[in-house]
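Let's take a walk through this protein model together. Keep the picture open and follow along as we go from helix packing to charged pairs.

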Amino acid sequence: MFDFKFDWKDSLCTGIEVIDNQNKELFRIGRNIEQLLLRKCIGATTQELLNIVCELREYVSYHFYEEERLMMQAGCSDFEEHKKAHEQLKKMVKEIDCVELGKNPYKEMKRIKEFLTDWIFEHLMIEDLQEAKCIMKTDGQE
């Protein structure tokens, strides 16, 4: 896998402010993971590691809830398929093994970063942008 940088670009904007702000939060979390990896997790505290896990768990809870609410409200045709994709990331985040993270922080953070990178390329940059068009069309913003 190539080295992806968690730098927000305006090309990722959906045009829906609440969604864009939440996605920027995911990139902030990703940058925190990058910083840990750059220093090979040397000196990373248990609290620092757990904060990232908690932030990811909070993100998937509030972001997916909001995005799914907007999609349902707009009557987006592929809502169920989109929701299934969300469940994959929720499952991954829920199953982060905090004990293993404490034992092997570099290995586990690298795995989390790779999963988030895949998520951004497979979901956020493609599916979320398509869903935003559906939502905006229904809201009369397009």
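Start with helix 1 (residues 17-38) and helix 2 (residues 46-74), which pack at an angle of about 160 degrees with their axes 10 Å apart. That makes helix 1 roughly antiparallel to helix 2, a label for angles over 145 degrees. Axes here are lines fitted to C-alpha atoms over the stretch in contact, and angles run from 0 to 180 degrees between N-to-C directions. Helices are DSSP runs of H or I with at least four residues, numbered from the N terminus.

By the way, this is a predicted model: local features need pLDDT of at least 70, side-chain atom pairs count only at pLDDT 80 or more, and totals for chains, interfaces and linings use all residues. Residues are numbered from 1 along each chain as its sequence is written, and side-chain values use heavy atoms, leaving out hydrogens and water.

Now for the charged pairs. Side chains of opposite charge can pair when their charged atoms come close. The structure holds seven salt bridges, each a side-chain nitrogen of Lys or Arg within 4 Å of a carboxyl oxygen of Asp or Glu. Glu 25, Arg 28 and Glu 55 are linked in a network of them.

Over in helix 5 (residues 105-139), Arg 111 and Glu 108 sit three residues apart, about one helical turn. They form a salt bridge, with the closest N and O atoms 3.2 Å apart. Glu 108 is buried at 6% relative accessibility, while Arg 111 is partly exposed at 36% (buried means under 20% relative accessible area, exposed over 50%, partly exposed in between, using a 1.4 Å probe and protein chains only).

Terms used: Helices (H or I, at least four residues) and strands (E, at least two) are DSSP runs, numbered from the N terminus. Angles under 35 degrees count as roughly parallel, over 145 as roughly antiparallel, 65 to 115 as roughly perpendicular and the rest as oblique.
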